[in-house]
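Biologist: I would like to learn to read a fold feature by feature. Where do we start?

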Amino acid sequence: MVLHHGEGVKSTRLLRGPPSPIRPPKGDACGVGATPGDLGPYVVRDPAGRLADVSRICIPYGTTEGQTAKIAEYVADVVREHGHEARAVDLKDAGEDVLAGCDAVILGSSIHMGKHDKHVGDLVRKNRAALERLPSALFSVSLAAHGDTHEAETYVEEFEEETGWRPSMVALFSGALLYTQYGFLKRHMMKRIARGKPGDLGTDTSRDYVYTEWDGVRRFAEDFLDGLAPDTGGTQQ
Ligand SMILES: Cc1cc2nc3c(=O)[nH]c(=O)nc-3n(C[C@H](O)[C@H](O)[C@H](O)COP(=O)(O)O)c2cc1C
């Protein structure tokens, strides 16, 4: 599914949509009392058999220049608008137990030199079982997502191979060229790279270019929440 936004640029791509719907593993959960289209509450049964709302969505992210942080905070705002709790956490500052208490995880990572953020890879390798048990999604932030989605998809495929984690939902978001924040060498390297890449990337180093399509980010967050919609009696996957 490709979402077109803004000036018709294919910069937000949903690689993999929510399963229909995302459900916790069989036996862990049951949905009750909601009508189709109602976002919640999604209800799980905890180990003691009590019912509790799924409301704590964790949004850990790895960023270098800060654009992924902005996207993660925006995702958190959308989640909160829909009545859930959301916590966006920079993995540089996070402890070991970053996923403790999470009912669902939306993991964000920027791309540098063709790779996802190291902290994100480490988190996935250490917490793969939890990520496979919980409803989870990945958003990958790069310049390739703006004009070279094949390359952006390749980054994700390589990340999945390296970590062994295959998130049920993946989105590719265009990042930013923040020339005014880069040091001298980085600024000139990025200008050279921008010239050679598809997507008509900006090369005026006296200003910044933000390519993130915020409508697409909102749609991704809302699709994820839709995937948490209560089980109305279908077969569990
Ligand atoms: C040094 C450097 C290397 C980058 N390498 C890539 C790359 O290999 N592929 C790509 O698509 N984007 C690349 N980018 C673009 C970043 O993914 C983009 O700027 C993104 O917004 C960075 O996210 P962050 O601000 O959260 O770190 C690079 C950016 C920088 C500054």
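**Reading the fold**

Modeller: Start with helix H6, residues 214-227. Its buried residues are Gly216, Val217, Phe220, Ala221, Phe224, Leu225 and Gly227. Bear in mind that this is a predicted model.

Biologist: How do I read the spacing in a list like that?

Modeller: The general idea comes first. An α-helix has 3.6 residues a turn, so residues three or four places apart point the same way. Now look at H6: Val217, Phe220, Ala221 and Phe224 are among its buried residues.

Biologist: What span does H6 reach from its first C-alpha to its last?

Modeller: H6 has 14 residues and reaches 20 Å, close to the 20 Å expected at 1.5 Å a residue.

Biologist: And the wider inventory? How many helices and strands are there in the protein?

Modeller: The protein has 6 helices and 12 strands. Of its 237 residues, 38% are buried. Among contacts between residues at least 6 apart in sequence, 76% join residues at least 24 apart.

Biologist: How should I think about a core?

Modeller: In soluble globular proteins, nonpolar side chains tend to be buried together. Here the largest nonpolar core holds 51 residues, and Ile59, Val75, Ile106 and Phe139 touch the most other members. Helix H1, residues 67-81, gives this core its largest share, 7 residues.

Biologist: Which residues does valine 75 touch, leaving out those up to four places away in sequence?

Modeller: Val75 touches Ile59, Ile106, Val217 and Ala221.

Biologist: Now strands. What should I expect of their side chains?

Modeller: In a regular strand the side chains alternate between the two faces of the sheet. Take strand S10, residues 169-174. Met169, Ala171 and Phe173 point one way, while Val170, Leu172 and Ser174 point the other way. Both sets are buried.

Biologist: Why is S10 described as largely enclosed by the rest of the structure?

Modeller: Because 6 of its 6 residues are buried. Strand S5, residues 56-62, is also largely enclosed, since 6 of its 7 residues are buried.

Biologist: Which strands pair with S5?

Modeller: S5 runs parallel to S6, residues 85-90, with 6 bridges joining them. Cysteine 58 has arginine 87 as its bridge partner in S6. S5 also pairs with S7 in the parallel sense, over 4 bridges.

Biologist: Which residues come nearest to the ligand?

Modeller: Of the 19 residues around the ligand, Glu65, Thr68, Ser110, Ser142 and Gly175 come nearest. H1, S7 (104-112), S9 and helix H5 (184-196) each give two or more residues to the shell. S7 gives the largest share, 3 residues.

Biologist: Is histidine 188 buried, partly exposed or exposed?

Modeller: Count C-beta neighbours. Histidine 188 has 13 inside 10 Å, so it counts as partly exposed. The cut-off for exposed is 12 or fewer. Histidine 188 is found in H5. Histidine 188 and threonine 203 are 15 residues apart in sequence and 9.4 Å apart in space, C-alpha to C-alpha.

Definitions and conventions. Residues numbered from 1 in each chain as written. Predicted model: local features only at pLDDT ≥ 70, side-chain atom pairs only at ≥ 80, totals over all residues. Core = buried A, V, L, I, M, F, W, Y, C linked by C-beta atoms within 7 Å. Buried ≥ 20, exposed ≤ 12 C-beta atoms within 10 Å, placed from the backbone. Contact = placed C-beta atoms within 7 Å. Expected span 1.5 Å × (residues − 1). Near = placed C-beta within 6 Å. Pairing = 2+ DSSP bridges.
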